[in-house]
Amino acid sequence: MKASPTPSYSRLARLLWALAWLLLMTHAADAHIIKGEGGGFRSGFLHPWSGWDHIIAMVGVGIWGAQIGAPAIWLLPVIFPIVMSFGGLLGLLNVPLPFGEHSAEYGIAMSGLLLGVMVLGDVHPNRLAQWFFHRDSPEVAARKGKKLGYTLAAVMVGFFGLCHGYAHGRELPPGESGLYYSIGFVIATGTLHACGITLGLVHRWPMGQLALRLCGMAILCGGIYFLQDDIREFSQPAPAAAKTAAAPVAPHVLLHLPS
Amino acid sequence: MSFSIYLPERRRARRLALAAAVLLCLAPGQAQAHLVTTGLGPVYDGIGHFWTSIEDIFPAVALAVLAGLRGPKPGRTTLWALPLAWLLGGVAGLLGPDLPEWPRPVLSGIVAVTFLIPGGLVAADLALPAGVVAGLAAVIGVVHGFLDAQGMLQEGLTVTDGVLQFFGIAVMLFVLVALLAALVISLRYQTARTIFRVAGSWIAASGVLLMGWSLIGVG
């Protein structure tokens with residue numbers, strides 16, 4: 001007789017699932033330390049899903065990490081939320097960014113573009129970094145390139161996280177708790193990374209690698225679109241109030257009569 | 001033949017899931033203020049308070065994971081240090097002078113620090129000695145216990161009930177640290193440990209963002 005195909009869940013796993021559900025389903029708790037509304041969690045959680053610029057970058061980070069493999073697959077999602085929150089902190093404190101007031105928006109668009117290039121080209125940062133040490137012996141170049149490669153990837157992803165956090169971390173709806181908003185925002189960002197990592201797991205198959213390159217192409221296109229959109233929006237001078245006000249139209253113009 | 005065994009188990013699992021779903025739909029209620037009244041006395045009210053206060057849960061979870069990542073010895077010391085410190089901080093807050101209500105951004109800032117430090121240490125997976133982990137747990141426990149006590153006094157709770165509530169919170173912390181630290185210590189695969197490090201980075205990131213809100217005066 002064959003063994004039952006039903007998966008055997010341990011009691012602890014069942015207990016943990018039940019506990020997780022209970023925690024998720026609990027209503028707003030007006031705790032004494034933070035007397036804000038729990039609705040902030042919902043706003044914070046939904047915010048990263050509301051813009052495609054944010055979505056493609058988060059998913060792109062996850063896919064790229066999965067393409068690179070360990071330890072980057074976990075290193076990048078560990079770094080990104082912390083640096084992103086630091087960007088949010090800078091944004092909240094109105095700390096000016098070095099390249100003008102719109103540099104965060106340009107950085108977000110560039111994040112889609114560059115991550116798209118990395119995913120499309122299946123670029124491994126170690127191999128990229130080895131180019132700097134091409135005059136050394138192959139062993140030395142490999143050793144130095146490995147160290148520099150992961151650092152480069154972490155700095156790049158960290159910079160993008162800073163831009164995303166700066167632009168998005170400060171949009172707390174009035175009357176909602178900053179604590180719950182922060183938690184929701186970070187969890188949603190991490191969930192998007194997890195989506196990217198899960199997608200990136202198909203990298204082990206040749207067809208999967210091709211599919212990921214197509215995803216990279218889509219991310220790249222998204223990045224180009226957002227970049228040209230930013231350039232178009234921010235290069236135009238702000239319309240003067242006098243010009244925007246509609247001038248009164250003479251009756252003979254309306255009726256197409258000669259003046 | 002396996003099909004005949006498969007069906008009853010599946011039916012039983014479905015029944016269990018249905019019963020759990022009905023219970024879950026009926027279970028949650030509006031949680032009023034921090035003084036959760038379970039109807040079972042102040043000890044259980046304290047347990048209820050802990051599980052409805054996310055600002056208490058996150059630092060405790062981060063400390064338990066930190067202790068587990070560092071090994072059995074920090075796990076054992078934190079198992080006692082955190083609940084006892086929380087209890088001591090709470091009793092000190094209840095018996096100490098009646099302080100005026102603290103501004104919300106200040107409280108948020110303190111909570112943010114208690115998110116940031118243990119969460120950041122979990123994410124970094126630094127090799128800390130057991131004494132440092134236990135010391136950190138003690139400091140965070142005292143701070144949270146004291147803040148909890150201040151809130152309880154402002155809500156008009158008696159000292160006796162408050163102490164009993166803290167006893168409930170301490171028991172809950174003991175159970176939480178025991179289960180979570182033991183789970184993390186038992187992990188052998190690096191990937192599984194890294195998942196907890198990612199969770200720590202999320203807690204730290206929430207703390208950084210919360211610090212920003214508190215610095216601009218929003219709680």
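**Helix pairs in chains A and B**

In this predicted model, the C-alpha centres of domain 1 and domain 2 of chain B lie 35 Å apart. Domain 1 of chain B covers residues 1-30, and domain 2 of chain B covers residues 42-215.

Let's stay with chain B for a moment and look at its make-up. Chain B has 8 helices and 0 strands, so if you follow the chain from the N terminus, the elements read α-α-α-α-α-α-α-α. Of its 219 residues, 49% count as buried. The contacts in chain B also have a clear pattern along the sequence: among those between residues at least 6 apart, 87% join residues at least 24 apart.

Now for a pair of helices you can pick out in the view. Two packed helices are described by the angle between their axes and the distance between the axes. In chain B, helix α5 (residues 104-124) packs against helix α6 (residues 130-154) at an angle of about 155°, and their axes are 11 Å apart. Angles over 145 degrees count as roughly antiparallel, and α5(B) and α6(B) are therefore roughly antiparallel to each other. Their crossing is left-handed.

Over in chain A, please turn to helix α5 (residues 103-121) and helix α9 (residues 206-235). These two pack at an angle of about 155°, with their axes 7 Å apart. That makes α5(A) roughly antiparallel to α9(A), and the crossing of the two is left-handed. The residues of this contact divide into 17 nonpolar, 5 polar and 3 charged.

Chain A also has an aspartate worth a look in the loop between α5 and α6 (125-130), namely A:Asp122. Is A:Asp122 buried or partly exposed? With 15 other C-beta atoms within 10 Å, A:Asp122 is partly exposed. Its phi is near 50°, a positive value in a residue other than glycine.

Key:
Residues numbered from 1 in each chain as written. Chains lettered and ligands numbered in written order. Predicted model: local features only at pLDDT ≥ 70, side-chain atom pairs only at ≥ 80, totals over all residues. Axes fitted to C-alpha atoms, helices over the stretch in contact; angles between N-to-C directions. Helix = DSSP H or I, 4+ residues; strand = E, 2+ residues; numbered from the N terminus. Parallel < 35°, antiparallel > 145°, perpendicular 65-115°, else oblique. Left-handed = near helix turned anticlockwise from the far one by under 90°. Domains from an automatic or database assignment. Nonpolar A, V, L, I, M, F, W, Y, C, P; charged D, E, K, R; others polar. Buried ≥ 20, exposed ≤ 12 C-beta atoms within 10 Å, placed from the backbone. Contact = placed C-beta atoms within 7 Å.
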